[in-house]
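I opened this entry to look up two things. One is how the chains meet; the other is the setting of a single residue.

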Amino acid sequence: MTNRILFRTFAIWWLILPILGTAMGQTASTAESKEKKEAAQSSPSTQPALLPAHNSGGYLAVGGVFSNLSGSENRIGEFNSIRQGTRPVAQFGAWDINNGFAYEISGERGVDPNDQRYSLNADIRRWFRTDFTFSKLPHRLENDPLTNLDTAKGTVVVRSDRGDAGVNYCPYYQETEIRNRLTLPFFSALSVKFDYRDQGRKGTSQAHVISKCANCHISSKVRQMDQQTREFRTGAELRISRVKLEYEYSTRDFQENAPVLMNTYDAALHPSTLAKSFLNRVQYDSSNGPLPFAVAPRFRKNQHTVRGRLDLEKAGEFQATFLTARSLNEEKAYGVNTRVVGGIYNLTLGERFHLTLRARDVDLDSDSFFVQVNEPVAPAGTPQAGLTFSQAYPSFGKASYDAVSSLAREVWGGSMEGRMQLAHRTIARVGYFYEDTYRPEADVAKSITQKVKFSLTSSPHKEWKGRVGYTYTHTNTPFTHVKAAFTPEMQPYPSAGNPPSPLAGVQYYVLYGARQANLSNVPTGSHETYASSTWMPMDRFAFSAHLRANQRKNSQLNFGGWSDNDITPSAELWYSLNPRIDLTANYTYHRRRTETLFVIPVFDG
Amino acid sequence: MGQFGSLKDSMENRNNEHSAWTSIQMRLTDQISTYGQVVMTEASSGFTGLNLDPAKVSAIPAGFDYRAVSDLGNYSRLRMRWWNTEVGVRQMLGKSFQFDSALTYDRYRDSQPYLEDYSGKHWGAQFRVHYFF
């Protein structure tokens with residue numbers, strides 16, 4: 001929740017400041033504001049605010065930060081560059097524009113050694129442009145004490161042990177990116193690009209592993225992280241007359257270079273008798289020795305994209321996209337093929353009406369993967385000696401199975417949107433969207449989503465402008481987990497044996513197969529509304545108010561509904577008391593209510 | 001021992017967030033400007049409305065208290081308040097130097113900690129000199 005709150009707080013800042021900046025820019029008429037604007041246009045954004053505008057220049061900055069921290073650092077410093085004590089900070093920048101050659105270089109090091117940013121942009125007569133960026137960012141993570149995982153009923157025990165007490169997790173995220181554009185001087189219609197991006201996550205994080213039977217034993221361990229994602233993109237863009245063609249190839253791979261964590265699972269024991277009669281109910285126990293866990297598999301994605309645009313002048317504009325991609329888990333040779341075909345047609349009719357037609361066809365084809373289940377046999381001297389679980393319970397069937405993905409789907413659809421200019425600087429927009437989804441491997445195979453939307457933007461007076469909108473979406477049979485919960489009464493008596501044996505009586509797989517309630521967090525119907533208004537009664541004052549309200553509900557579930565409603569009013573104020581003093585303020589409230597079915601089985605054994 | 005069906009009820013997650021900020025920027029002279037800002041975020045959330053009734057099943061295994069599961073809402077409750085305050089001064093010293101200074105104060109108050117109390121405070125003071133060329 002806190003991450004979301006933080007994100008929202010800063011997102012609100014970044015959304016509102018440009019709006020206020022625009023309002024200020026529209027109303028400011030002093031010589032000072034002109035100077036600011038000129039400086040902003042002719043110098044890099046990283047330079048200090050009072051820097052005068054020049055075609056070339058630079059700056060060096062050094063300083064120090066004193067920090068005093070008390071209590072937990074995990075929230076106040078989750079993404080912040082803070083460290084106890086006094087630390088140096090530094091910043092530099094330089095730029096030059098001369099004879100068709102331009103460059104800009106900047107760098108900054110914050111309080112935390114992992115808070116760094118560097119960039120270099122260069123342009124040679126617009127023939128060649130390169131943009132390089134490097135950034136590092138620390139991220140404080142929690143260390144779960146697992147103290148809530150400690151309970152017992154007789155010899156049936158849930159327990160935990162913490163192998164990482166006192167460890168402060170603060171891995172860092174690092175990204176290096178270079179983008180290059182080359183436009184041939186003798187054939188400017190063609191440009192090519194070569195881009196490279198390298199993302200890394202390094203440090204440590206907390207990993208959990210669970211042993212079952214006879215205890216539920218949860219352990220935490222320090223996991224080393226040395227993850228790298230590399231992406232290479234290349235492509236070309238050709239513009240001839242009214243035609244524009246683009247092609248891009250990208251390849252991305254992910255790799256974990258840190259050592260794999262190992263764990264020796266507990267011995268599988270009967271919780272009451274502590275005999276090894278539960279060995280055929282698990283895949284691995286202590287007899288298998290150390291085994292890997294929390295493994296991040298190597299991953300690769302290759303993608304080809306072709307885009308085209310044709311300007312038909314008065315007959316409109318046509319855009320088309322074709323994309324094909326292959327995503328692959330290289331450890332297991334398990335992947336997904338993606339194909340997307342899309343088109344957009346824009347047409348302006350007269351001076352007041354604009355029409356946009358869209359169509360899209362998506363095919364996600366997922367591989368199946370054979371899961372080879374390890375099936376140990378119960379040891380001699382136990383009730384199911386020499387038998388695997390499948391042999392002891394023939395109605396269970398085969399343990400090994402083909403895994404398929406509910407991600408596989410075929411989606412096609414389209415939309416029609418119109419924009420009409422009405423009187424008094426008023427614009428009305430209407431739209432209709434249709435989408436047909438077929439999932440060959442999911443519980444609910446087919447869904448049809450239809451959406452209608454309407455919005456009105458008006459500025460009837462120079463002091464006032466407003467916007468309202470409404471969208472209704474209906475989905476018949478949305479994505480649902482069928483028979484996900486609520487097992488009926490199946491064994492209202494103790495199992496055979498003294499003490500009653502979990503090996504006899506109703507087994508888990510029978511209970512799972514008898515569940516009755518369908519669960520989903522996808523709505524069958526949703527209403528989304530918003531309204532926004534800005535009032536500017538004078539040159540140095542602006543007030544905006546917004547309201548957004550959404551209601552989503554799934555009314556097709558058989559044992560209790562699902563709903564999700566939220567409302568968000570907000571307001572901003574900007575007041576320039578005089579040309580030298582600006583005051584801004586904002587308030588936002590967000591209320592959300594989500595309702596769903598809660599089910600707990602009444603079961604012991 | 002035994003299996004007596006399932007208990008169910010509808011459960012609601014409630015989430016309320018308030019966030020407010022204000023800032024003031026003053027250009028005292030052509031060489032000196034100052035600013036101040038305050039950001040406050042308060043949020044609370046939790047599950048509520050869960051009322052499991054063991055009378056709705058024929059029996060319950062010995063030693064289990066299903067009504068107690070209803071207190072899940074007590075453990076899920078979160079309440080926090082975060083204040084962030086910053087004031088600063090920026091001054092040009094001639095044409096080639098600029099001096100920045102800022103004071104910051106952060107306070108995160110975890111009003112309903114569960115496993116860990118994440119309350120924390122941070123005082124900070126920053127000084128920086130820019131040289132332009």
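I take strands as DSSP runs of at least two residues, numbered from the N terminus. The model is predicted.

**Entry: one residue in chain A.** I looked up Gln227(A) first. Gln227(A) sits in strand E10, residues 216-240 of chain A.

I then listed the contacts of Gln227(A), leaving aside neighbours within four places in sequence. They are Gly200(A), Arg201(A), Phe254(A), Glu256(A) and Ala296(A). I also checked Gly203(A), 24 residues from Gln227(A) along the chain. Their C-alpha atoms are 9.3 Å apart.

**Entry: chain A against chain B.** I turned to the contact between the chains. Chain A puts in 78 residues and chain B 68. On the chain B side, I noted which elements give two or more residues: strands E1 (2-27), E2 (32-48), E3 (78-93), E4 (97-110) and E5 (120-132) of chain B. Which of them gives the most? E1(B) does, with 26 residues. By type, I read the chain B side as 32 nonpolar, 24 polar and twelve charged residues.

Entry: E1(B) pairs with strand E30 of chain A, residues 581-604. The sense is antiparallel, over 23 bridges. I picked out one bridge: Phe598(A) has Asp9(B), in E1(B), as its partner.

Notes. Residues numbered from 1 in each chain as written. Chains lettered and ligands numbered in written order. Predicted model: local features only at pLDDT ≥ 70, side-chain atom pairs only at ≥ 80, totals over all residues. Contact = placed C-beta atoms within 7 Å. Helix = DSSP H or I, 4+ residues; strand = E, 2+ residues; numbered from the N terminus. Nonpolar A, V, L, I, M, F, W, Y, C, P; charged D, E, K, R; others polar. Pairing = 2+ DSSP bridges.
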